Amino acid sequence: MPPASSRSLLSSPSRAPPRLPYASAGRSELDEAVRRLLDRGVPLVVVTLGAEGAIAANQRQEWWFQPTVPQSPVDTTGCGDAFAAGFLFGWCGSRDVRRGLVYGCACGSAAVGTMGGATPLDSATVDQFLPKVAADGAW
């Protein structure tokens, strides 16, 4: 079971694309791609940004950005899968997008520290990253 503090995460969406720490040329292209998916009826778009974290946007034009824990990668194999599993774990019960992003980034951060992507992540390892990922005070 997740720590009690993780069960109380609140969404904090903005109404415009977040000011992201990646190159402005890539940002505008990514923002446009997300908008096109939303315009086609996709209810929620989630995009990983590798070491920079992840973003999400929904049909209400709410946007979220979640940074990840900076670290030297051991192996990136399986990090996207780990993010997806963490996001779904955090989001499915509550439909809280920020909670999903926090869990996703924590799982991705934990996975990048292991070799090969074949070793399952245990909850204790992921739990070590949760407070670091959600270091913005909402934790």
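Modeller: **Helix α3 and its setting**

Helix α3 covers residues 97-112, and its 16 residues should span 22 Å at 1.5 Å a residue; the C-alpha atoms at its ends are 22 Å apart, which agrees. The expected span here is 1.5 Å times one less than the number of residues in the helix. Helices (H or I, at least four residues) and strands (E, at least two) are DSSP runs, numbered from the N terminus.

This is a predicted model, in which local features need pLDDT of at least 70 and side-chain atom pairs count only at pLDDT 80 or more, while totals for chains, interfaces and linings use all residues. Residues are numbered from 1 along each chain as its sequence is written, and side-chain values use heavy atoms, with hydrogens and water left out.

α3 is mostly covered, with 16 of its 16 residues buried. Buried means under 20% relative accessible area, exposed over 50%, and partly exposed in between (1.4 Å probe, protein chains only). At the start of α3, the backbone nitrogen of Arg98 has a side-chain oxygen of Asp96 within 3.1 Å.

As for the setting, the chain has four helices and three strands, in the order α-β-β-β-α-α-α from the N terminus. Of the 139 residues in the chain, 41% are buried. The chain exposes about 7500 Å², and carbon and sulfur atoms supply 57% of that area; accessible areas come from the Shrake-Rupley method with a 1.4 Å probe, and for residues only the protein chains shown count as cover. Among contacts (heavy atoms within 4.5 Å), those between residues 24 or more positions apart account for 57% of the ones with a separation of 6 or more.

The count of salt bridges comes to two, a salt bridge being a side-chain nitrogen of Lys or Arg within 4 Å of a carboxyl oxygen of Asp or Glu. One joins Glu32 and Arg36, with the closest N and O atoms 3.1 Å apart. Both residues lie in helix α1 (residues 24-39), four residues apart, or about one turn of the helix. Glu32 counts as partly exposed because its relative accessibility is 36%, whereas Arg36, at a relative accessible area of 53%, is exposed.

Another salt bridge links the side chains of Arg60 and Glu62, at 2.9 Å from N to O. Here Arg60 is exposed, since its relative accessible area is 55%, while Glu62 has a relative accessible area of 10% and is therefore buried.

Note on methods
Polar contact = N/O pair within 3.5 Å; in protein donor to acceptor, adjacent residues only side chain to side chain.
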